[in-house]
Amino acid sequence: MARMTQAARCGIALIDSDRKAIRPHAFYGFDEETMRPIEAPLVQDEGDPIYRLLYRGETLHLQSILSDSGMERYRPFIERLGIQSILAVPLQIGSVPLGIFYLCDKEGQDPFTFEDIQLTQTIANQLALAIANQQYAANLEKVNRELQQKKIEAEEASRLKSHFLSNVSHELRTPLNAIVGYSHLLREEVYGALNEAQRPALEGIQRNARDLSQLISDVLDLAKIEAGKMSVDLSEVHLPALVDEVAAGIRPLSEKKSLPIRCVVEPGLPRINSDESKIKQIIVNLLSNAVKFTSKGEITVHLRTWPDRNGVELAVQDTGIGIRPEDLPRIFDTFHQVDGATTREFGGVGLGLAIVKELLHLLEGEIRVESEHGKGSTFTVLLPVRNQRSH
Ligand SMILES: Nc1ncnc2c1ncn2[C@@H]1O[C@H](COP(=O)(O)OP(=O)(O)O)[C@@H](O)[C@H]1O
Ligand SMILES: [Mg+2]
């Protein structure tokens, strides 16, 4: 290019990524040592020829560069480089400036011609495209590297979190087991007879120890699911038998409140292929809520086919306190309980439904709730007959 226009030297200067300065990028005919350290701060000033060049798209053609008062600001390095005349055009993509393409000192210090100017502008357009492409590719690579790094960090954080949780839960469980063990021995009066006041106090200790133990395993389960560490073990699951088994476990509680638990099975209900222990946990959580939030009436579990999605429906219906429509959207959030006061009466910490939701996500199922405040609630779980994803 310099040869074509008989310029002694030429070069490209690019705007920094933070858009504060412009620096030499590539050059011909200049001394590397003098050129490299140059950095011209960008100014927002209509009187500045470089500003007008970059932001107004003007061509700069000065036969005697230092006679232009606007160039005074750049005098130190113009003198150092010994530049007399200049022809400079902007490098831009659309209206976005990237930098400057310049030619200096035409042979014999003649002025640059109209053809020189046109040629320079044409070349500048090509250069701008090439530079933009290169910057784009470099940027993309940088973003990719950053994403990769973030991913590694997130995986490490999640690994540390589940490691921490499983250690902590072990450390909590050991003394907790000792508490449960000693209080059991006390209740059995191994260390002597209990008086009237000691017995209920001891029951309180045992109940709270059980709640704490449940909380630890719930938190651990949720952490495992979140860390993607919960695997799905598929096998054939016979839902009516599973519901009976869970109901039998809960009956000591429901009988205390005189609540019958019934299971109604639609004839021809298919067996499903799913993860039995996870479904069991879902039923435990729903049935224990039903018993907990119901004081009279009954609890019914309906098992039906779910024709439109080739699946089965498991609906747990109670005649309990119900849930107001405005509270429904949040009951599946972790640690969310509708009413602090009710909760104190009923116990629990608000993780049961969050776990149900996460487990159903793993099992490719869904859950729906219908509830009327004061009348009762129905939690309906929908499970596919067969999982689509292979685990
Ligand atoms: N069968 C139900 N009847 C009325 N409210 C319910 C029922 N099941 C859940 N809820 C409401 O949803 C909240 C969250 O339930 P859950 O996650 O199981 O936590 P927890 O049982 O520990 O309170 C409960 O605190 C309660 O307010
Ligand atoms: Mg619960």
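This is a predicted model: local features need pLDDT of at least 70, side-chain atom pairs count only at pLDDT 80 or more; totals for chains, interfaces and linings use all residues.
**View 1. Asp31 sits in a loop between a strand and a helix.** Is Asp31 buried or exposed? Asp31 has 12 other C-beta atoms within 10 Å, so it is exposed. Look also for Leu81, which is 50 residues away from Asp31 along the chain. The C-alpha atoms of Asp31 and Leu81 are separated by 8.1 Å.

**View 2. Arg19 and Asp105 each take a positive phi, and neither is a glycine.** For Arg19, phi is about 55 degrees. Arg19 belongs to the loop between β1 (7–15) and β2. Arg19 is exposed because it has 10 other C-beta atoms within 10 Å. For Asp105, phi is also about 55 degrees. Asp105 lies in strand β6 (residues 96–106). Asp105 is buried because 21 other C-beta atoms lie within 10 Å.

**View 3. Helix α5 packs against helix α9.** Helix α5 covers residues 198–226, and helix α9 covers residues 352–362. Their axes are 10 Å apart and meet at an angle of about 35 degrees. The crossing of α5 and α9 is left-handed. Which residues of α5 and α9 make the contact? From α5 come Asp218, Asp221, Leu222 and Ile225. From α9 come Ala354, Ile355, Glu358 and Leu362. By class, this contact of α5 with α9 holds 5 nonpolar and 3 charged residues, and no polar ones. An α-helix has 3.6 residues a turn, so residues three or four places apart point the same way.

**View 4. Helix α5 is shown from end to end.** It has 29 residues. From its first C-alpha to its last, α5 reaches 42 Å. That is close to the 42 Å expected at 1.5 Å a residue. Just after α5 comes Gly228, with a positive phi of about 70 degrees.

**View 5. Helix α6 bends at Ile250.** The bend is about 55 degrees. A proline, Pro252, follows within four residues. Helix α6 (residues 239–256) has 18 residues and reaches 26 Å from its first C-alpha to its last. The expected span, at 1.5 Å a residue, is 26 Å. Just after α6, Ser258 has a positive phi of about 50 degrees.

**View 6. The buried residues of α6 pack against several strands and a helix.** Which residues of α6 are buried? They are Leu239, Val243, Val246, Ala247 and Ser254. Their strand partners are β7 (235–237), β8 (261–265), β9 (272–274), β10 (299–306) and β11 (311–318). Their helix partner is α7 (276–292).

View 7. Helix α7 has 17 residues and reaches 24 Å from its first C-alpha to its last, close to the expected 24 Å.

**View 8. Glu146 and Asn289 are 45 Å apart, C-alpha to C-alpha.** In sequence, Glu146 and Asn289 are 143 residues apart. Glu146 lies in helix α4 (residues 114–187). Glu146 counts as exposed because it has 10 C-beta neighbours inside 10 Å.

Definitions and conventions: Residues are numbered from 1 along each chain as its sequence is written. Chains are lettered from A and ligands numbered from 1 in the order in which they are written. Helices (H or I, at least four residues) and strands (E, at least two) are DSSP runs, numbered from the N terminus. The expected span of a helix is 1.5 Å times one less than its number of residues. The bend at a residue is the angle between axes fitted to the seven residues ending there and the seven starting there. A residue is buried if 20 or more other C-beta atoms lie within 10 Å of its own, exposed if 12 or fewer, and partly exposed in between; C-beta atoms are placed from the backbone. Two residues are in contact if their C-beta atoms, placed from the backbone, lie within 7 Å. Axes are lines fitted to C-alpha atoms, for helices over the stretch in contact, and angles run from 0 to 180 degrees between N-to-C directions. A crossing is left-handed if the near helix is turned anticlockwise from the far one by less than a right angle, and right-handed if clockwise. Ala, Val, Leu, Ile, Met, Phe, Trp, Tyr, Cys and Pro count as nonpolar, Asp, Glu, Lys and Arg as charged, and the others, Gly among them, as polar.
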